[in-house]
Amino acid sequence: MPSASENDRLVWIDCEMTGLDLGVDELVEIAVVITDFELRPVDPGFQVVISPSDAALQNMNDFVTAMHQSSGLLDEIPQGISLAEAEEQTLAYIRRFVPLE
């Protein structure tokens, strides 16, 4: 088994969605933490809120709506950015700490 080096990185990504049906639900938040191989964060992390379509918002069930309301995410969604911009920002953040080989 290869040994871990000081440059090894693990990328931890958490996504919030309007629900779990990939046919109709959409991403509303991406959070990323990058750690070294010993699980020590190399940076405080990254988080971005995404503005989904009206259809995806209307499809949210009561459980998901309550969850996002209690976390404060529901209030942030109207100021969210596009999915394409969120993807760009997320990949740029990861590339700062994880070199492409």
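Hi everyone, let's start with helix H4: its 15 residues, at 1.5 Å a residue, should span 21 Å, and its end C-alpha atoms are 22 Å apart, which agrees. The expected span here is 1.5 Å times one less than the number of residues. Helices (H or I, at least four residues) and strands (E, at least two) are DSSP runs, numbered from the N terminus.

A quick word on the source: this is a predicted model, where local features need pLDDT of at least 70, side-chain atom pairs count only at pLDDT 80 or more, and totals for chains, interfaces and linings use all residues. Residues are numbered from 1 along each chain as its sequence is written, and side-chain values use heavy atoms, leaving out hydrogens and water.

Which residues of H4 are buried? They are Ala86, Thr90, Tyr93, Ile94 and Phe97 (buried is under 20% relative accessible area, exposed over 50%, partly exposed in between, with a 1.4 Å probe and protein chains only). They cover an arc of only 95 degrees around the axis, which puts them on the same side of H4; the arc is that of the directions from the helix axis to the C-beta atoms. The face turned away from that buried side carries exposed Glu88 and Arg96.

And what do the buried residues of H4 pack against? The answer is S1, S2 and S3, with contact meaning heavy atoms within 4.5 Å.

Those strands form an open sheet in the order S1-S2-S3, with antiparallel pairing (two strands pair if DSSP finds at least two bridges between them). Strands S1 (9-17) and S3 (46-49) stand at the edges, each with a single partner strand, so one side of each lacks a neighbour in the sheet.
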